[in-house]
Each structure stands twice: as C-alpha cells, then as structure tokens.
Amino acid sequence: MAATATAARTGETNIGGDRLKEALIGYAFIAVPMLVYGVLFLYPIVYAIYISRYDWGVFGKLDERGWGNYSELVDDDRFRIAIKNGLKFTVAFTILSMALGLFVAVVVNNAIRWRGFFRSAFYFPAISGSAAITAIALYILSADGLFNRLTGLDHAWFGESDTALWAIVGLNSWTTSGTVMLFYLAYLQAIPTDVYEAAAIDGAGAWRTFWKVTFPLLKPGHFFVSTLLVIGGLKMFDQAFIASGGTGGPNNSTLVPVLYLYRVAFSDVRFGSAAAVGLTLMLLMFALTLIQRLTFGRGDRA
Amino acid sequence: MADDVRTEKDFAPAADAPLVPPSPPGMEELARAGEAAAGTVTGIPGRTRAERVRTVVVYALLFGIALLYFVPFLWTATTSLKTLPETAYFRLLPEHPTLDAYRNVFTEFDFARYAGNSVALATVVTLLNVFLCSLGGYAFARLNFPGREVLFMVVLATLMVPDQLRFVPIFVKFTDWGLMGHYHAYVLVKLAAAAQLFLMRQYFLTIPKDLEEAAKLDGAGYFKTFRKVMLPLAGPAIAAVAILEFEGVWNDFFWPLVIFTSEPSHFTLPVGIFQFRSEYISQWPELMAGTVIAIAPIAALYIFFQRYFVAGVASAGVKG
C-alpha cells in the first residue's frame with residue numbers, strides 16, 4: 001500500500017524542478033548567516049588591510065602610508081613590550097593551566113564518590129564571566145585581601161609591576177584549569193584499562209605509572225589542549241584590561257598584545273596602526289599554531 | 001548519491017584547514033566521560049593497605065582542590081553581605097549580615113539597568129541564533145545545493161578570524177553607519193555564530209534520514225519538515241546552542257565595551273562591574289554584590305543544564 005503510493009508520487013514529480021526547489025530553499029535557509037559572515041567577517045579582513053595602509057583618525061582616512069604602519073611597529077617600544085608580555089603570559093599560563101587541569105583530572109578520574117559532582121564543581125570557575133572573576137581576584141589579591149592574610153605575604157598583587165602579570169597568570173590558570181580538566185578526563189577515559197593492568201603486574205606504583213604510562217598516552221590530549229591554550233593566551237584581554245583599569249599598568253607590566261591594540265585604537269585614535277597591529281597579531285597566531293602543529297602534531301591524529 | 005554523503009571528517013577543521021586546531025573529543029565522548037564518572041563507584045575503600053592509603057590521599061587532594069576552587073566564591077558571597085567596615089576584619093561570615101550592598105548597587109549605582117541590558121541582549125541573541133543556526137545547520141546537513149561545500153568552508157573559515165582583527169574595521173564601519181552605541185549593533189556582531197551553526201549541522205548529520213523522507217512523502221514542504229520533524233529531534237543540540245549563546249553573551253566583556261563605551265545606559269553587567277571598579281575601587285561589599293549578581297544566573301543555569309555546558313566545551317575546539 002505504502003509502496004505503491006511512493007511509486008506513484010515519485011513517478012509524478014519532476015526531478016529537475018525538485019532539485020531547483022531544494023537548492024533555492026537551501027540558499028534561503030543559509031542566506032542570513034552567509035550575509036553576516038560576508039559583511040562582518042570576510043569584508044572586515046579586506047577592509048582592515050585597506051585601513052592599515054593609511055593614517056586613519058576619528059574622522060576617517062588621512063594620508064596614505066603604504067606599509068609604514070607595519071614598519072613603525074619594529075621600532076615601537078610599547079609594541080615590543082606587549083609582545084614580550086604576551087609571550088611570557090602565554091607560556092606561563094599554558095604550562096600552569098595544563099599542569100593544574102591534568103592534576104585535577106587525574107584525581108577526579110579515580111574511583112571516588114560523587115565523581116560527577118566534583119567534575120561539575122571544578123568546572124564552575126570556567127563558566128563564570130571574566131569581569132566577575134577578575135573583580136573577585138582584585139579583592140582577594142588586594143593588599144589587605146584574603147590571599148595575603150592566608151599566606152602571610154604582603155603584596156598588592158595587581159598594583160606592583162613585578163607581580164601584576166603573574167597575578168593574571170594565576171587567575172586565568174585557575175579558571176581555565178576546569179576546561180582543561182574536562183578535556184583531559186575525556187582523553188583519560190579513552191586509555192584502555194589493560195595498559196594499567198599491565199603496569200600493575202610489572203609492579204609499577206601510581207607515580208611511576210602516571211609518568212611512564214598515562215602521561216605519554218595522553219600525547220594527543222597535550223597537543224590539543226596546548227594549541228587551544230596558546231591561542232587563548234595570546235588573545236587574553238579582559239583580565240588585563242579590568243585589573244589595570246584599561247591602562248596595561250603598572251608600568252606597562254600587563255600591557256598584553258590585544259590591550260595594546262585596543263589602546264592604539266581608542267586612546268591614541270590611530271585606527272590605521274591598530275589595523276596593522278591586528279593583522280600582525282593574526283599572522284603571529286597562525287604561525288605559532290602552524291609551528292606547534294608541525295612539531296607536536298605530526299602523526300598523532302589522522 | 002552515496003558518494004555525495006559527507007562524513008563529519010570531510011568538514012572537520014583538523015582535516016581540511018591546517019590552521020585550525022585539531023578536532024576535540026566529541027560531544028558524545030565528553031558526555032560519556034561524564035556518565036562514567038557519575039555512575040561508577042567501584043573499589044569499596046579498604047581492600048588492601050595500599051588501596052586504603054591511596055583512597056585517603058585521593059580524598060585529601062579532592063578536599064584541597066575543592067577549597068582552592070570554592071573559597072574565592074564563598075568569600076565573595078559573604079563579603080557582599082558585609083558592611084564596608086566589617087571587611088577590614090578577617091572573618092568569613094558577617095557578624096550582622098545585611099543586604100545594604102545589594103540595595104546600593106541597585107539604587108545608587110546602575111546595576112538594575114545593567115542587569116536588564118544583559119538579560120535582554122542575551123535573550124534576543126540566543127533566540128535569533130537558535131533559529132538561524134538550526135536553519136542553516138539543517139540546510140548544510142541535509143539539503144543539496146550547488147556550492148554547498150565551498151560555502152561551508154566559508155563558515156569554518158570565519159571561526160579562524162579573531163575578534164581582535166575584526167573590531168577595528170567593524171568599529172570604523174559601524175561608526176560610518178551610525179550603529180555605534182546601539183543595542184542592535186551588538187546583536188549584529190553576535191548574529192549567526194559560526195560555531196553554533198557548525199554544532200547544529202553536526203547534530204543534524206546524526207539524525208537518520210527515514211523520518212524526514214516520510215514527512216516529505218506525506219507532502220510536507222521543506223520548512224514544515226524542518227519545523228515539525230527535524231527541530232523536535234534536535235532538542236539536545238538546540239539546548240546546547242541556547243545555553244552556549246546565553247552564557248557567551250552574558251559573560252561577554254569585549255564587544256559591549258567596544259560598542260557601548262559612549263553609551264553608559266547600554267552597559268551590560270560585565271562592563272558595569274568594570275566601570276564600578278574603576279570609580280570605586282575599594283567599595284568591596286558593593287563590588288562583590290555586583291559580582292554575585294553577574295554570576296548567580298549562570299550558576300543557576302549550570303545547576304540545571306550541566307551537560308549542555310559540557311557540550312559547549314566540545315565546541316570550544318571549533319571556537320578556537
């Protein structure tokens with residue numbers, strides 16, 4: 001009964017017309033997103049290149065500068081400081097987040113009660129907004145804040161140029177470690193249990209098993225997580241902006257690349273230079289990802 | 001026809017675009033890790049001495065980690081119930097708990113307005129994106145049209161464009177177009193998030209084709225098939241997209257800062273917190289009250305919809 005109905009219907013329909021109709025409907029369904037991507041992603045890249053070749057102020061285009069906005073970056077002390085801070089932050093943040101996240105993942109991966117609860121609980125800082133989290137850190141790391149009282153140390157952590165960037169490293173590693181934990185948990189669950197059994201038969205203790213078996217087997221996880229963190233670290237902005245009140249201080253110690261970019265655009269009102277900085281940073285991020293991929297990524301994943 | 005079917009791998013960023021990070025463990029893998037973690041409590045403590053020691057060590061570490069992760073939030077919450085003089089004492093709980101700080105941020109400072117802006121923007125962006133991304137995701141997963149693969153590569157390519165590159169040209173153009181400082185400028189920047197469209201497409205690919213073919217044979221049009229058959233089946237993916245978008249907009253600091261700088265009445269909570277922090281640096285109870293207001297709604301959502309937040313982590317891989 002149903003079969004004959006099917007046959008009748010397909011017999012009647014005009015295949016060519018159906019195809020056309022399906023195509024038109026397909027375009028209609030994706031029209032708004034594609035328009036948005038065109039106007040707000042592709043066009044801005046081209047337009048950024050255009051802007052970057054001019055002196056560009058509040059009222060728009062001034063003089064054409066060729067590649068001057070790029071070449072002047074080489075001699076720009078603040079740009080150099082920003083890159084240095086960015087790299088310092090990214091390296092420390094990546095290592096600390098991975099260490100903390102992996103540590104928590106390994107603990108939570110044990111046969112414990114309320115494992116799901118702990119897993120969810122430790123992820124919580126990661127979903128709290130950057131502004132709220134930074135406000136909490138400002139309070140806890142202030143001169144008479146909780147951290148100093150508990151540790152007996154005496155620093156205004158965000159107020160001193162020696163400690164401010166490290167305070168942000170600590171803050172971001174704390175929040176990001178929850179995300180890192182979730183990724184490592186997924187990779188840990190993928191390790192077959194018989195390798196642990198083999199290690200146990202060989203008489204390896206927990207410490208040795210971790211370093212000789214678990215850690216090397218997590219290599220794809222290390223690669224994936226570090227790639228995300230390096231890019232995330234280079235893009236860090238909110239915490240440095242909020243902690244320093246938008247200045248990158250004290251003494252430029254929290255002036256990270258994106259904050260520098262923001263200041264060139266909105267404090268100096270030099271949009272041409274800002275666009276050049278943005279493009280340079282994007283190329284830098286792509287290059288780093290590529291290098292990372294070539295050095296660690298080969299053969300790990302199809 | 002069979003050759004035409006694209007597997008996930010064909011479009012996975014890792015396979016095609018060398019500059020996108022490798023694909024993360026899938027949503028299912030993460031979910032499975034969660035189920036496994038939640039369900040199985042094996043090893044009843046105390047079988048052997050070594051195991052007992054191990055159990056004690058593990059619980060001690062857990063306790064330490066829990067302190068590290070929660071004391072800051074606890075301290076924040078209790079500080080918001082103190083008076084300013086009381087914050088000078090090193091005491092967790094306030095002696096005379098008071099809601100003064102909350103009253104102050106709502107009446108003297110503009111936090112009611114900021115909260116309203118946050119709710120409105122997060123809701124509008126979430127609804128629009130659930131609609132646009134599910135429709136677009138469905139088209140990319142199920143409909144055949146010339147140029148589909150190329151257009152989908154465009155979607156993936158947008159994931160690689162950092163906002164830090166976009167904001168200068170967008171700021172210049174939006175200023176030209178007179179959009180700066182308007183709510184709809186923000187909505188426009190957040191519209192049709194590519195990561196969510198990608199997530200929806202991946203989900204639609206996993207739904208068997210039989211059902212929609214049956215609907216088509218019954219004479220349902222494409223939109224009707226989408227709305228009556230596919231959308232109800234995509235519940236989990238829609239929930240994940242909705243949660244992700246709401247959380248993303250609610251917590252977003254960068255774009256509201258760029259777009260509403262000149263328009264304080266449009267500030268969202270994160271920008272409001274920054275503003276307050278800049279002007280009244282040591283009004284700790286008020287600052288912490290503002291922080292609690294900014295975190296509490298997300299915390300409430302998290303308690304009820306945890307697994308969709310976790311699904312969001314899986315898509316962080318494509319977010320870059």
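Which domains does the domain assignment of chain A give? The assignment, which is automatic or taken from a database, gives domain 1 (17-70) and domain 2 (76-296). This is a predicted model, in which local features need pLDDT of at least 70, side-chain atom pairs count only at pLDDT 80 or more, and totals for chains, interfaces and linings use all residues. Residues are numbered from 1 along each chain as its sequence is written, while chains are lettered from A and ligands numbered from 1 in the order in which they are written.

**Domains of chain A**

- The centres of domain 1 and domain 2 of chain A, taken over C-alpha atoms, are 32 Å apart.
- Twelve residues of domain 1 of chain A are in contact with nine residues of domain 2 of chain A (contact: C-beta atoms, placed from the backbone, within 7 Å).
- On the domain 1 side, helix H2 (15-51), strand S1 (54-57) and helix H3 (68-74) of chain A each give two or more residues (DSSP runs, numbered from the N terminus: helices H or I, at least four residues; strands E, at least two).
- S1(A) supplies the largest share of that side, four residues.

**Confidence**

- The predictor gives the complex an ipTM of 0.87 and a pTM of 0.85.
- Chain B has a mean pLDDT of 82, with 82% of its residues at 70 or more (pLDDT: the predictor's confidence in each residue, from 0 to 100).

Definitions and conventions:
Two residues are in contact if their C-beta atoms, placed from the backbone, lie within 7 Å.
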